[in-house]
Amino acid sequence: MATLQEPGKKDVRQRGHSAIDFKSATTGVAAKTMRNELNRMVSGETDPQKRKIFEAEMQSFFLLFNRFLTERAKGEKLDWEKINSPKPEQVRPYAVLDNVDPSILNKLAVLKLNGGLGTTMGCVGPKSIIEVREGMTFLDLSVRQIEHLNEKYNVNVPFILMNSFNTDEDTARIIQKYQNHNINILTFNQSRYPRVDKESLLPCPQETTSDKANWYPPGHGDIFDALTNSGLLDKLIAAGKEYIFISNVDNLGAVVDLNIMQTMIDAQAEYVMEVTDKTKADVKGGTIIDYDGKARLLEVAQVPKDHLDEFCSTRKFKIFNTNNIWCNLKAIKKVMDEDALNLEIIVNNKVTDGGQAVIQLETAIGAAIKHFDSAIGINVPRSRFLPVKSCSDLLLIKSKLYNLEHGVLTMDKSREFGGTPVVKLGDQFKKVANFEKRFKSIPNITELDHLTVAGDVSFGKGVRLAGTCIIVANEGNKIMIPDGTNLENKLITGNLSIIDH
């Protein structure tokens, strides 16, 4: 019968975390009971290949769970007095370099984090298959970018998708359409961890085949484990790849940048985090700090309540993490081989559809910055952070504010005063299908500063919005903005419908 190892004992593909004193934790009732439950599930898997993968995942989960128990018992927190703004050498300005040799791209692999579903935008399946511009999905745009790079510079940059168990099947079916493209697409799955009952601290699933709702993908910090356990890390190194550029699939600004790659090479940095200047919209974003002389990521969840205002202000913490990360592949292998990875645990409290309180133990890729030698941040232009989290963001992306070429979106030159408008669309626009019904065509927002829309509002064709526009249809009322309407610095409330006859 397969059994999970005690922490500290090491298998070829399993992490030991010997640096942590697990002895006290493993003698705890919660840890012992968890280990027994996980072993029971492992032994119930009859397929040898599936069992090997599942056992590796459960070993990693067990180590994370143990660490959670240990840290909870100790109650250790960051010492706020040791937190300082990063030193100049820890966060460098973005630089446009002369004569970068594009052949360095042959050493690069590009990875998109593709584990999320489109549910928050009312869509079924992976978020990456939502159409964002001119009939093209997030995935289409990414593939087009890499394909163009390969063609333009005559290089071979592989395109990798880290899927979750939620997105894997759909993605495998969808990427078949790219078979005749000049691109090598690789996929692997991030780990599948069991949700934990908050009261009993027991795993929610009873067996490996338990319902999907009992499992969760443990955050993008899992990328290092998943790359290693899948064998893909070794394959990339064997193929001569030295660097990997990782970003969220919904960040349309995260395109390959030769200047950043060359800066990383020149600095001999093993890890680069792209940061950008904080605005009022980004106050809760994680930031690079100097902690005991080393660059670290500080997330809002780690901040004591009495220091939240200080964290959210831009006086001490002027930048935030875009989650565009560049890593040296051999450095990842070294960290993994040494069992050195010890990412801060994010405890995500959830309530299931059945009303059960559960916890998910997650980690973030940005927290790994402390494990790499000469890790740096690069303060990049805001254009490299263009996430689409809602239909308000989608309006900006679909508008003529951005031009699209070879899968890359760039802000139109007519928007000379810079910055993107603030757009706040109400609940009626939350789902993509409703959003599309309410706009006959996307308005001209080239001169827009701020748009707030609430209630039952629809837009005709050829509408222009400029300055600050607030359109509110109170309950029971309906506002239809007619074709060709020109609104500048207008507040519209009540009921409005103009009908052609």
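Q: Where do Glu147 and Arg144 lie, and how many residues apart are they?

A: Both residues belong to helix α4 (residues 138–153), where they are 3 residues apart, about one turn of the helix. The model is predicted, and local features need pLDDT of at least 70, side-chain atom pairs count only at pLDDT 80 or more, and totals for chains, interfaces and linings use all residues. Residues are numbered from 1 along each chain as its sequence is written, and side-chain values use heavy atoms, leaving out hydrogens and water.

Q: What makes the meeting of Glu147 and Arg144 a salt bridge?

A: The term requires a side-chain nitrogen of Lys or Arg within 4 Å of a carboxyl oxygen of Asp or Glu, and since the N to O distance here is 3.5 Å, the pair qualifies. By this rule the count comes to 24 salt bridges.

Q: What makes Asp290 and Lys87 a pair that links distant parts of the chain?

A: These two residues form a salt bridge, with the closest N and O atoms 3.8 Å apart. Asp290 sits in strand β13 (residues 287–291) and Lys87 in the loop between β1 (83–84) and β2 (91–93), which places them 203 residues apart. Asp290, at 7% relative accessible area, is buried, while Lys87, at 33%, is partly exposed.

Q: Why can the pair of Asp483 and Lys440 be said to tie parts of the sequence together?

A: The side chains of Asp483 and Lys440 meet in a salt bridge of 3.7 Å, N to O. Asp483 is in the loop between β25 (478–481) and β26 (486–493), and Lys440 is in the loop between α12 (432–438) and β22 (448–454), so the pair joins parts that are 43 residues apart in sequence. Asp483, with 45%, is partly exposed, and Lys440, with 53%, is exposed.

Q: Why are α2 and α3 called roughly antiparallel?

A: The axes of helix α2 (residues 29–43) and helix α3 (residues 48–74) come within 10 Å and cross at roughly 170°. Axes are lines fitted to C-alpha atoms, for helices over the stretch in contact, and angles run from 0 to 180 degrees between N-to-C directions. Angles under 35 degrees count as roughly parallel, over 145 as roughly antiparallel, 65 to 115 as roughly perpendicular and the rest as oblique, and the two helices are therefore roughly antiparallel to each other.

Q: What makes β2 and β7 edge strands?

A: The open sheet has 8 strands, in the order β2-β18-β12-β15-β11-β3-β6-β7, with mixed pairing. Both β2 and β7 (185–189) are edge strands, since each pairs on one side only.

Q: How do you know that β6 and β7 pair?

A: Two strands pair if DSSP finds at least two bridges between them, and 5 bridges join strand β6 (residues 159–163) to β7, so this parallel pair meets the rule. Asn163 stands opposite Asn189 in β7.

Note on methods. Helix = DSSP H or I, 4+ residues; strand = E, 2+ residues; numbered from the N terminus. Buried < 20%, exposed > 50% of the residue type's maximum accessible area, 1.4 Å probe, protein only.
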